[in-house]
Amino acid sequence: MPELIHDPSRIGQTPNTRVPGRWRQLSLLGGAMLVDNTEAGMIGGLFPVIRQALGLSLGALGVLTAAGKLIGVITTPLWVWAAERWSRKAVLVICAGMWGIWGIAAGFAQNFTQLLLFSTLLTAGYAGAHPIITTFVGDLFDSSSRGRAIGMLFGATALASSVFATLKGQLAGVEDGWRWGLWAIGTFSILFGLVLWRFLRDPGRGASEPQLADLDHTTRNATGLVNRRQVASLLKIPTLVVLLISRLLSGHLLVFSFAVVFLVEVYGFTTQTASVVLMPMGIGYFAGTILGGLAADWAARLSPRHGLPTVLQAAQILFAALAFLGTQFHYGGIGLYALFFGLMGVAQGVNPGINRPMIMAVVPPELRPAAFTLYISVFEAIAWALFGLGAGFLGDAIGLRPVFQWVLVILMLVNGAFLTLLHRTYARDTARLQAELNQRREQALS
């Protein structure tokens with residue numbers, strides 16, 4: 001039995017929730033995300049030259065994007081189940097590290113079928129990393145620092161990814177450069193998997209929750225493996241349902257896959273020149289995570305009930321306005337496009353530091369892996385697949401410019417309006433979870 005169970009004097013006390021070495025562990029998780037993001041963006045960023053090399057249509061990029069996202073809908077729940085059943089660390093080492101072997105294989109593709117097969121197998125692995133990493137962060141950081149931690153994780157990763165994206169864009173000028181890129185990042189993924197195995201430490205479920213932090217692993221994990229009824233209960237949390245539906249309306253997901261192709265196809269830039277916008281996008285995204293975190297903290301203090309929903313709504317509307325200015329007009333040189341894509345990155349960077357902590361604030365620790373699987377690897381993947389397929393085939397039919405107008409501008413305005421529902425649900429759901437955790441602590445200590 002845990003030693004604290006027979007210590008009634010501890011009831012009502014707030015334990016220390018600072019997990020030792022949490023920022024060091026966060027940097028390792030960021031490295032895993034960086035590898036996955038670089039692998040994920042390699043084909044999209046170099047698609048114009050891959051298209052020439054393999055004789056593909058624009059619709060092929062939509063198929064590649066959709067296949068990668070949809071396979072994640074199937075495989076991610078299996079990765080998350082394995083992580084909760086055996087070891088989160090071991091599963092992360094495999095799907096964010098050793099799985100890079102399929103990236104190396106994709107570099108040897110001789111036709112579209114082979115490229116589709118190997119790239120889909122690659123995404124089947126790294127799709128599982130994102131929800132596991134996000135769950136790790138929820139256990140490393142308490143509610144007062146999660147926004148900052150998530151912001152730093154996503155912002156620093158996006159910043160580093162943008163540097164790599166700009167560099168990999170220059171591979172377009174090298175013979176078979178896209179192949180060398182896939183071989184290099186696949187090899188690096190495997191090596192980083194070994195680093196994770198050596199240095200990553202799992203803090204355990206609920207390690208940063210004030211009500212659970214000083215209880216031992218056995219007590220914190222007393223709920224055991226999650227069953228289907230518990231997973232189904234997630235859909236009874238109104239805030240989570242609103243955020244899930246909002247993910248289906250998040251048209252800004254299309255930017256990372258199609259930004260370079262859009263500028264090449266619509267405005268006639270070379271792949272090397274169009275890739276220049278990826279760096280300001282990454283810098284803007286990083287700045288957005290910092291500014292978003294500050295704005296979120298200020299807004300939450302100003303109004304606990306309405307602050308975070310208001311910032312999240314404003315980010316969607318601001319993105320729509322910037323996307324209209326940045327994609328619907330011909331400015332000639334790449335400079336103004338780089339500026340507007342950078343500002344779009346700022347607006348988009350606000351999101352992770354708000355929506356992820358909001359989910360953590362309304363979902364119990366044992367259900368967060370399932371919640372993030374739904375949010376990231378099911379709803380976001382479906383949205384990304386639909387946007388990718390639609391942009392690919394509609395781009396061939398009517399052009400990417402009107403596609404960007406509908407998805408990045410109009411749909412994002414709809415999303416901003418839809419998030420108004422959070423003003424009714426978020427405060428109530430947060431209070432409900434805190435009451436439940438307080439009850440668990442009293443039962444464990446009495």
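Residues are numbered from 1 along each chain as its sequence is written, and side-chain values use heavy atoms, with hydrogens and water left out. As the model is predicted, local features need pLDDT of at least 70 and side-chain atom pairs count only at pLDDT 80 or more, while totals for chains, interfaces and linings use all residues.

Confidence comes first. The chain has a mean pLDDT of 81, with 88% of its residues at 70 or more; pLDDT is the predictor's confidence in each residue, from 0 to 100. Helix 12 (residues 238-248) has the highest confidence, at 95, and helix 10 (residues 217-220) the lowest, at a mean of 53. Helices here are DSSP runs (H or I, at least four residues), numbered from the N terminus. Over residues 1-14, pLDDT stays under 50, and for that stretch the model has 19 contacts beyond four places in sequence. A contact means heavy atoms within 4.5 Å.

Next, the charged pairs. Searching the whole structure turns up four salt bridges, each being a side-chain nitrogen of Lys or Arg within 4 Å of a carboxyl oxygen of Asp or Glu. In one of them, Asp139 meets Arg88 at 2.8 Å, N to O. This pair ties together distant parts of the chain, with Asp139 in helix 7 (residues 129-140) and Arg88 in helix 4 (residues 88-96), 51 residues apart. Asp139 counts as buried because its relative accessibility is 3%, and Arg88, at 7%, is buried too. The cut-offs are under 20% relative accessible area for buried, over 50% for exposed, and partly exposed in between (1.4 Å probe, protein chains only). Arg88 and Asp139 also belong to a network of salt bridges that takes in Asp202.

Glu380 and Arg247 make another salt bridge, again with an N to O distance of 2.8 Å. Glu380 is buried at a relative accessible area of 6%, and Arg247 is buried at 7%. The salt bridge between Asp429 and Arg432, at 2.6 Å from N to O, sits within helix 21 (residues 422-445), where the two residues are three apart, about one turn of the helix.

Beyond four places in sequence, Thr76 is in contact with Ala127, Gly128, Pro131, Thr373 and Ser377. Thr123 lies in helix 6 (residues 112-126) and is buried at 11% relative accessibility. The Thr123 side chain reaches the backbone oxygen of Thr120 at 2.9 Å, and, leaving aside neighbours within four places, Thr123 is in contact with Gly68 and Ile71.

Helix 18 (residues 352-362) is largely enclosed by the rest of the structure, because 11 of its 11 residues are buried. Among them are Pro352, Asn355, Arg356 and Val362. The C-alpha atom of Pro352 is 9.0 Å from that of Gly155, although the two are 197 residues apart along the chain. Gly155 is in helix 8 and is buried, with 0% relative accessibility. Not counting residues up to four places away in sequence, Gly155 touches Ile150, Tyr285, Phe286 and Thr289.

Finally, the surface. Trp23, Met152, Ile290, Leu291 and Leu294 make up a nonpolar patch there, with about 450 Å² of accessible area together. Patches are made of residues with over 30% relative accessible area and no salt bridge, where like charges are joined within 9 Å and nonpolar side chains (Val, Leu, Ile, Met, Phe, Trp, Tyr) within 5 Å. Accessible areas come from the Shrake-Rupley method with a 1.4 Å probe, and for residues only the protein chains shown count as cover. Helix 15 (residues 278-302) gives the most to the patch, with three residues. Met152 comes from helix 8 (residues 146-169) and is partly exposed, at a relative accessible area of 33%.

Technical notes: Polar contact = N/O pair within 3.5 Å; in protein donor to acceptor, adjacent residues only side chain to side chain.
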